[in-house]
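Me: I am new to this structure, and I would like to learn how to read the contacts between its side chains. Could we go through them one kind at a time?

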Amino acid sequence: QRMGRGKNKKNRDDSSSNTAKQQQKNQAKTKKKKDPTSLHQRLPQKPNDPSRSFYQWCLQERQGIVWVLGCAFLGSLFGFGIGSGLLTGEGNKAPNAWRVALGVRIRSSATYEVLTLNRAPWSPSNGGSFFQETQPLDSRCKPVVSLDAETLRSDPSHSTVYAVLREAVVREKGGYVHPDLGILSPAPCGAARGLGMVRNSYHRCQTKCLPGTADEKRRVKSKNTTTEMTFMQEEVLIKAPLGFQMTRTAALEILMPLISPEVQQRASLYELDDAALLTLLLAHERGVGKYSRWLPYIASLPLEPSCGYSKNLRPYLLDSINALREELDVDVSGWPGELLKATQYAERIANALSQDYGSFLQHPKGVSQLENLEWALCQVASRAIAGSQKHGSLRLIPLVDLINHDNNAAGFVELTGEEKIDTGDFVDSILEEDSGAFVVRSRRHGRRKALKVGQELLINYNVPHYSPLDWFVSVGFLPPERWGGWKKIDSALPKIRMDGPFGASNSASFFQTGPFPHRGAGRNGDL
């Protein structure tokens, strides 16, 4: 019995301990069910467990996320450095063709528009691909006009061609074009086209908000005026910076890497005058096409230059000579023969340039190198503008050469970079790049002339040494002030730049000493 009681007691103790352990297990299970966080922390998580939150997923995958974002950031910095030229040492130079093309594709993609908040990510793209280029025209503009490339190439006076050229000038550092200026075709002065006021929307706003003349700007700067006064029209209508001009420096920088050392030793580019270098540069950039930084300017040039020795314009020029003799009683004796001599003279120059350098330049498809150089030579002879020796004595200045001539208007003004309104100048040269920039104002008879809608902006070419024949040969027309009697007095000073491969025998110095003079300019342009 004692043994039986002892055995029963041991069984009771074992059962009670088992009951206590079972209760503890039940309590632990109940606690785990009430605390789901501890359950997730103790149990291994499956990769696609839907019970995880986004925050928990980011915590668990933070190492991979940091790697991905870091690589994307470093890749963006590297791509920006290569694309902008900062890592290759070309940041201050003109962008290469591939950079321009890449920038156009990036800015025209749907991804760029979404990142710059110009469109919503859920808006439909054109064609399905999110990286596909969008339409060049804004769909919000009504009506939508389809632009034909062939139409723009065949019409240099098209409003779109001018808009692109204006934008190119404005985007240059220090560049400015009055927003109301546009192409007038035909021009009020009688030319085929010209620059003038095509609207007055900016004028209405500017006269209420911003000073226009130098005196008004000086008063506003010294705080001696009230905000209720009405200002005059903006005095500076065009400011063409040096960076967008075709100059001798730009020509040497672009052409030197193209010409072989053998040709450089035999006919160095440094021995050419400014006009010959501009001819080579213009012909080459025309062949470069859409990758040229001067494409907007080249697109605005007339398809047939207006120089007097143009072969295609020969019949019209002979008719003009007859009209000058019969209707205006202008002494044109010997002019047809002089035009023939000028044509032969220009052909020799174009042939010499073609033989020495033509094979190293790019030319448009379907145009021979001789035809391309003859076209560029005629453009330079009729459109080049004289400037200071510091930045090039002869230059092609986009947009400015669209302005027609008037003897009573003001001349071109080239900035020195030291102009200050406080010291009596009409403009402030606040940028270092302002040196060499050309500024155009509307002035008549020495006084400023505000332009209304439809009125043309005119300029004085400032070439008092031009004879009537010089006018007709270089630009293809004769201004009214040269219709009467005129006598040219030969200079007592010796002629310059007779050396080099185009001096004396080869006759390339004709740009400075021959029958192809150029437009004048300078600080005395208003005199």
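This is a predicted model: local features need pLDDT of at least 70, side-chain atom pairs count only at pLDDT 80 or more; totals for chains, interfaces and linings use all residues.

Me: Which label does Asp434 receive, buried or exposed, and what is its relative accessibility?

Reply: Asp434 has a relative accessibility of 1%, and because buried means under 20%, Asp434 counts as buried.

Me: What does the side chain of Asp434 meet in a salt bridge?

Reply: The general idea is that side chains of opposite charge can pair when their charged atoms come close. In this structure, the side chain of Asp434 forms a salt bridge with that of Lys239, at 2.7 Å from N to O. The two residues belong to distant parts of the chain, 195 residues apart, with Lys239 in strand E4 (residues 236-240) and Asp434 in the loop between strand E8 (413-414) and strand E9 (438-441). Lys239 is buried as well, its relative accessible area being 11%.

Me: How many salt bridges does a search of the whole structure find?

Reply: The search finds 13 salt bridges. One of them joins the side chains of Arg383 and Asp401, at 3.2 Å from N to O. Arg383 lies in helix H17 (residues 369-383) and Asp401 in the loop between strand E6 (394-395) and strand E7 (404-405), so this pair ties together parts that are 18 residues apart in sequence. Arg383 counts as buried at 8% relative accessibility, and Asp401 is buried with a relative accessible area of 4%.

Me: Which labels do Arg444 and Asp406 receive?

Reply: Arg444 is partly exposed, with a relative accessible area of 30%, whereas Asp406 counts as buried at 13% relative accessibility. The side chains of Arg444 and Asp406 meet in a salt bridge of 1.8 Å, N to O. Since Arg444 lies in strand E10 (residues 443-444) and Asp406 in the loop between E7 and E8, the pair ties together parts that are 38 residues apart in sequence.

Me: Which residues are linked in a network of salt bridges?

Reply: Such a network links Glu235, Arg441 and Arg443.

Me: How should I read a pair of aromatic rings, and how many aromatic pairs does the search find?

Reply: A pair of aromatic rings is described by the distance of the centres and the angle of the planes. The search of the whole structure finds six aromatic pairs. For Trp335 and Phe472, the ring centres are 5.5 Å apart and the planes stand at 40°, so the pair is tilted. This pair links distant parts of the chain, with Trp335 in helix H16 (residues 335-357) and Phe472 in helix H18 (residues 468-475), 137 residues apart. Trp335 counts as buried at 6% relative accessibility, and Phe472 counts as buried at 2%. Tyr466 and Trp471, by contrast, form an edge-to-face pair, with 5.1 Å from centre to centre and 75° between the planes; both Tyr466 and Trp471 are buried.

Me: Which residues form one aromatic cluster?

Reply: The cluster is formed by Phe412, Phe438, Tyr461, Tyr466, Trp471 and Phe477.

Me: Which residue lies over the face of Trp375, and which lies over the face of Trp294?

Reply: Arg286 lies over the face of Trp375, at 4.1 Å from the ring centre, while Arg293 lies over the face of Trp294, at 4.9 Å from the ring centre.

Conventions
Residues are numbered from 1 along each chain as its sequence is written. Side-chain values use heavy atoms; hydrogens and water are left out. A salt bridge is a side-chain nitrogen of Lys or Arg within 4 Å of a carboxyl oxygen of Asp or Glu. Helices (H or I, at least four residues) and strands (E, at least two) are DSSP runs, numbered from the N terminus. Buried means under 20% relative accessible area, exposed over 50%, partly exposed in between (1.4 Å probe, protein chains only). Rings of Phe, Tyr and Trp (its six-membered ring) pair if their centres lie within 6.5 Å; planes under 30 degrees apart count as stacked, over 60 as edge-to-face and the rest as tilted. A charge sits over a ring if NZ of Lys or CZ of Arg is within 6 Å of the ring centre and within 35 degrees of the ring normal.
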